[in-house]
Amino acid sequence: MNKKFSRIAIMGLILLNMTACGNDSKSKDTVEKLQKFTVTEKDEKKYLFNYNEEWTLTYNGETDVKFVAIKDEAVTECFESAFGEGYYPDNAVSKGGFIYDLEQDAIRIYVDLEIEEGNLQYITYDMGKEKFILTVDLKNKYEPSEEFLDWIEECNLDSIMKKDIQEFKDQLEENGITFNAVTTLKYDDIDKYIE
């Protein structure tokens, strides 16, 4: 009985080890492919993969967050038409466009706007629910007004951002990388393979 249990345990460990090696191999392959068509930077506890100043894929080792910042003048013009210039905070990662959170399937635009309810700090678009949420003073969530939604529709903002995200995914595919591979990749995986 003990010998049988030992064999089963050893087989289990071998299978686990093979799975881990398989994941390592996929991670290494993804990192190498990303490096071939992007400019790679390390910034403190972050890895950034820049593509032609169109987008920057970021893996944050401190917060374990991964997102792509996508530049799009149409998004900027839409916001400037409503709020004027200077609505982006100086250090906003979404400056010049928006960010797409890979794991939460959500778009965020970081802003610095005083509204009746307080300081509007970011606008989130939940891709799954197809719904906008406004975050005020970092904690209060509001549904947008009809006026806000009319402005979004007039700008065609959600369609523009969805199209940009699809283009990002298409560019990954063109370079032999699946969107899933980029989403499952972690900061620690990248750290192993970048010299």
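These are my notebook entries on a predicted model of one protein chain.

**Entry 1: the overall picture**

I started with the fold elements and got 6 helices and 9 strands for the protein chain. The chain has 195 residues, and 40% of them are buried.

**Entry 2: the disulfide**

How many disulfides does a search of the whole structure find? I got 1. The disulfide joins C78 to C155, with an S to S distance of 2.1 Å. C78 sits in helix α2 (residues 73–83) and C155 in helix α3 (residues 146–155), so the bond ties together parts that are 77 residues apart in sequence. I checked the torsion about the S-S bond too; it is about 105 degrees, so this disulfide is right-handed. Are C78 and C155 buried or exposed? Both are buried.

The largest one has 48 residues, and W55, L57 and F79 have the most contacts inside it. Helix α4 (residues 157–174) gives this core its largest share, 6 residues.

Leaving aside neighbours within four places in sequence, F79 is in contact with G84, Y87, I109, V111, I123, W151 and L157. That list sent me to V111, which is in strand β6 (residues 106–115). V111 has 3% relative accessibility, so I logged V111 as buried. Beyond residues up to four places away, V111 touches F79, Y87, P89, L120, Q121 and Y122. I also took one C-alpha distance: V111 and T135 are 24 residues apart along the chain, and their C-alpha atoms are separated by 9.9 Å.

I followed the chain on from β6. Strands β6 and β7 run antiparallel and are joined by 8 bridges. They form a hairpin with 2 residues between them, and E114 stands opposite N119 in β7. Strand β7 (residues 118–126) has 7 of its 9 residues buried, so the rest of the structure largely encloses it.

On to the next pairing: β7 and strand β8 (residues 131–136) are antiparallel as well, with 6 bridges. D126 has K131 in β8 as its bridge partner. This hairpin has 4 residues between the strands, and E130 takes a positive phi near 50 degrees there.

**Entry 3: salt bridges**

- K162 lies in helix α4 and E130 in the loop between β7 and β8, so the pair ties together parts 32 residues apart in sequence. E130 is exposed at 53% relative accessible area, while K162 is partly exposed at 29%.
- D191 pairs with K42, the closest N and O atoms being 3.4 Å apart. D191 is in helix α6 (residues 187–193) and K42 in strand β1 (residues 39–43), so this pair ties together parts that are 149 residues apart in sequence.
- K33 pairs with D29 at 3.1 Å between the closest N and O atoms. Both lie in helix α1 (residues 2–37), 4 residues apart, about one turn of the helix.

How values were computed:
Residues numbered from 1 in each chain as written. Predicted model: local features only at pLDDT ≥ 70, side-chain atom pairs only at ≥ 80, totals over all residues. Heavy atoms only, no water. Disulfide = S-S within 2.5 Å. Buried < 20%, exposed > 50% of the residue type's maximum accessible area, 1.4 Å probe, protein only. Contact = heavy atoms within 4.5 Å. Pairing = 2+ DSSP bridges. Core = buried A, V, L, I, M, F, W, Y, C linked by side-chain atoms within 4.5 Å. Salt bridge = Lys/Arg side-chain N within 4 Å of Asp/Glu carboxyl O.
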